[in-house]
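Subject: Structure handover

Hello,

Here is the structure for your files. My notes follow below it.

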Amino acid sequence: MPVQGTTPEPVGDPQWVAWTLRRLSGSPFRAKFRLSDADRAYARAKGRATIDRHAHEMLRTRVGGAQPIKDGKQTPWKGHPVFAAQHATATCCRGCIMRWHRIPKGRALTDAEVNRLAALVMAWIDRDLRDHPAQPEPPAEIVKSTTSQPKAAPTASMEPLF
């Protein structure tokens, strides 16, 4: 984690999100997180709007209060795309939020702060989905085939839903 004050924080939200993702990627712990195949499938099936709503709800209910219940242990490690993204973006507990995003503990997050942290979570999910494109379903004749021929490799990758 960089020393506070060594890099000026960009003021615009898209600029802040990109800068923060770069900063977080310098942490070996934060950089190791990836969505599971199940989380990627869930995110693509639900769509960006639903996952964005979930991100806002989870941030507000799990870490948004002044004194979150079980602070430091309230965010599961897996089970939803937002959970993995919260750990990757240091939005998993108030301690991480304080250290990485300079939002003090002991007071509720403002709507603007929840929106900003949710934008960061969503940008991380977007990047993971872009880096791990969905594999197209093999043609039905390949699935039904019982011969020992190797399956044809997909030639084009599908774009993520978001």
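Helices (H or I, at least four residues) and strands (E, at least two) are DSSP runs, numbered from the N terminus. This is a predicted model, where local features need pLDDT of at least 70, side-chain atom pairs count only at pLDDT 80 or more, and totals for chains, interfaces and linings use all residues. Residues are numbered from 1 along each chain as its sequence is written, and side-chain values use heavy atoms, with hydrogens and water left out.

Fold. The protein chain has eight helices and zero strands. Of its 162 residues, 41% count as buried (under 20% relative accessible area; exposed is over 50%, partly exposed in between; 1.4 Å probe, protein chains only). Contact means heavy atoms within 4.5 Å. Among contacts between residues at least 6 apart in sequence, 68% join residues at least 24 apart.

Core. A nonpolar core is a set of buried Ala, Val, Leu, Ile, Met, Phe, Trp, Tyr and Cys residues joined through side-chain atoms within 4.5 Å. The largest one holds 36 residues, and Leu59, Val82, Leu117, Val121, Trp124 and Ile125 touch the most other members. Two or more residues each come from α1, α4 (48-63), α5 (81-88), α6 (94-101) and α7. The largest share, 10 residues, is from α7. Leaving aside neighbours within four places in sequence, leucine 117 contacts Trp16, Leu59, Thr91, Ile97, His101, Ile103 and Leu109.

Pocket. On a 1 Å grid over the protein atoms alone, a pocket is an open set of points where a 1.4 Å probe fits, with protein on both sides within 12 Å along at least five of seven lines; lining residues have an atom within 4 Å of a point. The largest pocket has about 160 Å³ of space. It is lined by 13 residues, and Ala31, Phe33, Arg34, Trp124 and Arg127 are the closest to its centre. Elements giving two or more lining residues are α1 (13-25), α2 (28-31) and α7 (111-131). The largest share, four residues, comes from α7.

Cysteines. A disulfide is a pair of cysteine sulfur atoms within 2.5 Å. The whole structure has zero disulfides. Cysteine 92 is in none; its nearest cysteine sulfur, that of cysteine 96, is 3.7 Å away. Cysteine 92 counts as buried, at 7% relative accessibility. Cysteine 93 is in no disulfide either, with the sulfur of cysteine 96 the nearest at 3.6 Å. Cysteine 93 is buried, at 11% relative accessible area.

Best wishes

Notes
Grid points are joined across faces, edges and corners, and a volume is the space filled by probe spheres set on the points.
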